[in-house]
Amino acid sequence: MQARKVLGDLRHGRGSIGLIALVAATAALDVLERQREIGVLRALGASPRDIVVVLLTEAGAVVVASAALAVALSIAMARAANGAAAEQLLHVAVPLQLSLRGWAELSGGAIFALLVVLGLLMAVLRRPTVDALNAL
Amino acid sequence: MLNLVAGLDRPTTGTVRVGDLDLGKHGERALAHWRGRTVGVVFQFFQLLPTLTVLEDILIAMEFVGTVPRARRRTLPLDLLERVGLADEAGKLPSLLSGGQQQRAAIARALANDPSLVVADEPTGNLDSETATDVHALFAALAREGKTLLIVTHDQSLAQAASRVVRLKDGRIVADEMPVAA
């Protein structure tokens with residue numbers, strides 16, 4: 001029983017790491033695809049730090065907006081499920097409250113967001129000398 | 001060459017001096033600041049940022065450098081667009097403009113921080129002859145104001161309007177002429 005639980009946890013962990021790697025790689029790819037835009041920004045006088053700030057701000061905004069949307073949808077769905085259960089099954093409604101597991105998932109989400117941002121940061125820092133004119 | 005002069009690239013040997021500044025002696029951050037204040041870059045394919053309006057594109061150039069006072073940033077972009085004949089297009093995205101309009105917008109952006117040097121890479125290479133003539137006139141006006149223009153071009157009529165023409169072949173200077181009196 002204990003071994004099955006450990007294996008299950010490992011599977012979840014492996015899945016999470018794969019998902020994080022996928023999103024971080026996608027974020028890094030976004031930076032590579034935006035070499036032209038980065039070249040333009042450099043030509044306009046943006047320092048490497050300015051470019052990192054622009055990209056991280058955009059990534060941060062996307063992460064925060066996605067997280068807010070996900071939380072709002074989860075709450076709405078839980079309420080809808082509670083309502084339906086209360087009407088049809090009376091005593092089987094799902095309580096809408098944050099459990100320890102909920103906090104763990106929120107923490108996981110925060111780590112996930114942090115890794116995405118780190119992926120972006122690494123991609124940007126690996127390309128500090130974009131050849132602006134040749135990139136265009 | 002334009003990369004080197006604009007401080008976007010570093011030479012493998014030798015030094016690059018622009019005015020009194022030896023570009024090789026400065027770090028990326030200092031060069032970026034110098035470039036923003038001193039150099040305006042015009043590209044062959046315009047390179048306006050596709051998600052920004054023409055006005056915002058000029059504003060972002062001012063924002064990075066920060067030398068234009070905030071109050072002036074409300075009026076200067078429109079003044080620049082007025083100068084290149086695009087004041088009515090300020091709120092439009094680049095995709096809604098013709099090639100000639102995009103190049104004029106790019107020139108307005110290059111002038112955002114009042115640079116003393118404007119470098120242009122084949123600025124008329126993607127324009128029809130009539131629109132290219134408008135761009136020639138804009139460059140001539142900038143030169144009369146005392147700005148230095150460094151243009152890489154195959155456009156002979158643009159080259160003949162320059163005070164100095166340096167011909168390069170396979171990376172080497174083959175001629176250095178002064179077609180008109182400076």
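**Entry 1: the hairpin of chain B**

I looked up strand 6 (165–169) and strand 7 (172–177) of chain B, which form a hairpin with two residues between them. Helices (H or I, at least four residues) and strands (E, at least two) are DSSP runs, numbered from the N terminus. The model is predicted: local features need pLDDT of at least 70, side-chain atom pairs count only at pLDDT 80 or more, and totals for chains, interfaces and linings use all residues. Residues are numbered from 1 along each chain as its sequence is written, and chains are lettered from A and ligands numbered from 1 in the order in which they are written.

I noted that strand 6 and strand 7 of chain B pair in the antiparallel sense over five bridges; two strands pair if DSSP finds at least two bridges between them. B:Val165 has B:Glu177 of strand 7 as its bridge partner. In the turn I found B:Asp170, with a positive phi of about 50°, although B:Asp170 is not a glycine.

I then asked: is B:Asp170 buried or exposed? A residue is buried if 20 or more other C-beta atoms lie within 10 Å of its own, exposed if 12 or fewer, and partly exposed in between, with C-beta atoms placed from the backbone. B:Asp170 is exposed, because 5 other C-beta atoms lie within 10 Å. Strand 6 of chain B is hardly covered, for the count of buried residues among its five residues is zero.

I recorded B:Gln47, which is not a glycine and yet has a positive phi of about 55°. B:Gln47 lies in the loop between strand 3 and helix 3 of chain B. B:Gln47 counts as buried because it has 25 C-beta neighbours inside 10 Å.

**Entry 2: the parallel sheet**

I traced an open sheet of three strands in chain B, in the order 3-4-5, with parallel pairing. Strand 3 (39–42) and strand 5 (148–152) of chain B each have a single partner strand, so one side of each is left without a neighbour in the sheet. On average, neighbouring strands of this sheet are turned by 15° against each other, direction ignored.

I found four bridges in the parallel pairing of strand 3 with strand 4 (residues 117–121) of chain B. In this region B:Val39 stands opposite B:Leu117 of strand 4. Helix 5 of chain B packs on the sheet and touches strand 3 and strand 4; its direction makes about 165° with that of strand 3. Axes are lines fitted to C-alpha atoms, for helices over the stretch in contact, and angles run from 0 to 180 degrees between N-to-C directions.

**Entry 3: helix 3 and helix 4 of chain B**

I listed the buried residues of helix 3 (residues 54–65) of chain B, among them B:Val54, B:Ile58, B:Ala61 and B:Val65. An α-helix has 3.6 residues a turn, so residues three or four places apart point the same way. The buried residues of helix 3 of chain B pack against helix 3 of chain A, and also against helix 2 (28–38), helix 4 (76–83) and helix 5 (99–110) of chain B. After helix 3 of chain B comes B:Gly66, whose phi is positive, near 75°.

At what angle do helix 3 and helix 4 of chain B pack? The angle is about 120°, and the axes are 9 Å apart. The two helices are therefore oblique to each other; angles under 35 degrees count as roughly parallel, over 145 as roughly antiparallel, 65 to 115 as roughly perpendicular and the rest as oblique. The contact is made by B:Val54, B:Leu55, B:Ile58 and B:Leu59 of helix 3 and by B:Pro77, B:Leu80 and B:Leu81 of helix 4. Two residues are in contact if their C-beta atoms, placed from the backbone, lie within 7 Å. By class, this contact has seven nonpolar, no polar and no charged residues. Ala, Val, Leu, Ile, Met, Phe, Trp, Tyr, Cys and Pro count as nonpolar, Asp, Glu, Lys and Arg as charged, and the others, Gly among them, as polar.

B:Pro77 counts as buried because it has 24 C-beta neighbours inside 10 Å. Its C-alpha atom is separated by 8.2 Å from that of B:Arg109, 32 residues apart along the chain.

**Entry 4: the contact between the chains**

I noted that the contact takes 16 residues from chain A and 21 residues from chain B. Helix 2 of chain A gives the most to the side of chain A that touches chain B, with four residues. The residues of that side divide into nine nonpolar, two polar and five charged.
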